[in-house]
Amino acid sequence: MSPCPHLHTVLFDLDGTLADTAPDLAWALNTLRQEQGLPPLPFAAIRPVVSHGANALLQTGFGLTPEEPGHTALRQRYLALYRDNICRKTRLFPGMAALLDFIEGHGKNWGVVTNKPAFLTQPLLAALGLTARAACIISGDSLPQRKPHPAPLLAGCAQAGSTPCQCLYVGDARRDIQAGRAAGMATAVALFGYLDPADAPADWGADVLADSAAALKSYLAGGQ
């Protein structure tokens, strides 16, 4: 079966959607806590926060907001630890490699639009062997705006050679769906990503709720 004929490009969020980065992000946070004389946090307490970035992780790990003393130094050390260990255990989510093959095999393309800064996005995608395959890579500092603003998605869409109505944006956070809808794209929630138990993805207005990469593949194949 061919993918939905009107869709030409699938754009993915990175953390919690395309790749399971939580093990390495959690390792960096707990390593930093150890350096500060604190015990490790359980992985289950860290995983739901991962999609919300370094500041949210430091809030979880140390109870610090960006305005508080010591936050900047901890953030710099945290990002250095993560950068130097960016792909220890990070892998594509199950079924994602097959999904990318499926997209490419049907003459479509895919790209990444993430709020992760480029100095982390680029080496991670390179380590996963995906850089040359992506039709676009838009990082959190590629433009002045970040998600939930639609500008990064529109930039990725243009780089991929598609119009918004030809794009599907897949993400695991409410801001991903907000950005996709504002950009005029179809949207899908990656339910296998880093959702918090308090999240209500059914209320986000997405076109698809996908519990696996295989479910996304089924949707693209017209088998939803």
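**Ground rules.** I number residues from 1 along each chain as its sequence is written, and side-chain values use heavy atoms, with hydrogens and water left out. Because the model is predicted, local features need pLDDT of at least 70 and side-chain atom pairs count only at pLDDT 80 or more, while totals for chains, interfaces and linings use all residues.

**Largest pocket.** I looked up the volume and found about 410 Å³ of space in the largest pocket. A pocket here is an open set of points on a 1 Å grid over the protein atoms alone, where a 1.4 Å probe fits, with protein on both sides within 12 Å along at least five of seven lines. The volume is the space filled by probe spheres set on the points, which are joined across faces, edges and corners. I then listed the lining (residues with an atom within 4 Å of a point). The lining has 22 residues, and His52, Gly53, Ala54, Asn115 and Lys116 lie nearest the centre. Helix H3 (54-62) and helix H4 (71-83) are the elements giving two or more residues to this lining. H4 gives the most, with four residues. Helices (H or I, at least four residues) and strands (E, at least two) are DSSP runs, numbered from the N terminus. By class, I noted nine nonpolar, six polar and seven charged residues in the lining. Ala, Val, Leu, Ile, Met, Phe, Trp, Tyr, Cys and Pro count as nonpolar, Asp, Glu, Lys and Arg as charged, and the others, Gly among them, as polar.

**H4 against H6.** I next followed H4 to helix H6 (residues 118-127): the two pack at an angle of about 15°, with axes 11 Å apart. Axes are lines fitted to C-alpha atoms over the stretch in contact, and angles run from 0 to 180 degrees between N-to-C directions. H4 is therefore roughly parallel to H6, a term for angles under 35 degrees. Contact (heavy atoms within 4.5 Å) is made by Leu79, Tyr82 and Arg83 of H4 and Phe119, Leu120 and Leu124 of H6. I counted five nonpolar, no polar and one charged residues there.

**H1 against H4.** Helix H1 (residues 22-35) packs on H4 at about 130°, with the axes 9 Å apart. That makes H1 oblique to H4, the class left once angles under 35, over 145 and from 65 to 115 degrees are taken out. Among the residues that meet are Trp27 and Leu32 in H1 and Tyr78 and Tyr82 in H4.

**Peptide bond.** I checked Lys147 to Pro148 and found a cis bond, with omega near 20°. Pro148 sits in the loop between strand S5 (137-138) and helix H7 (151-159).
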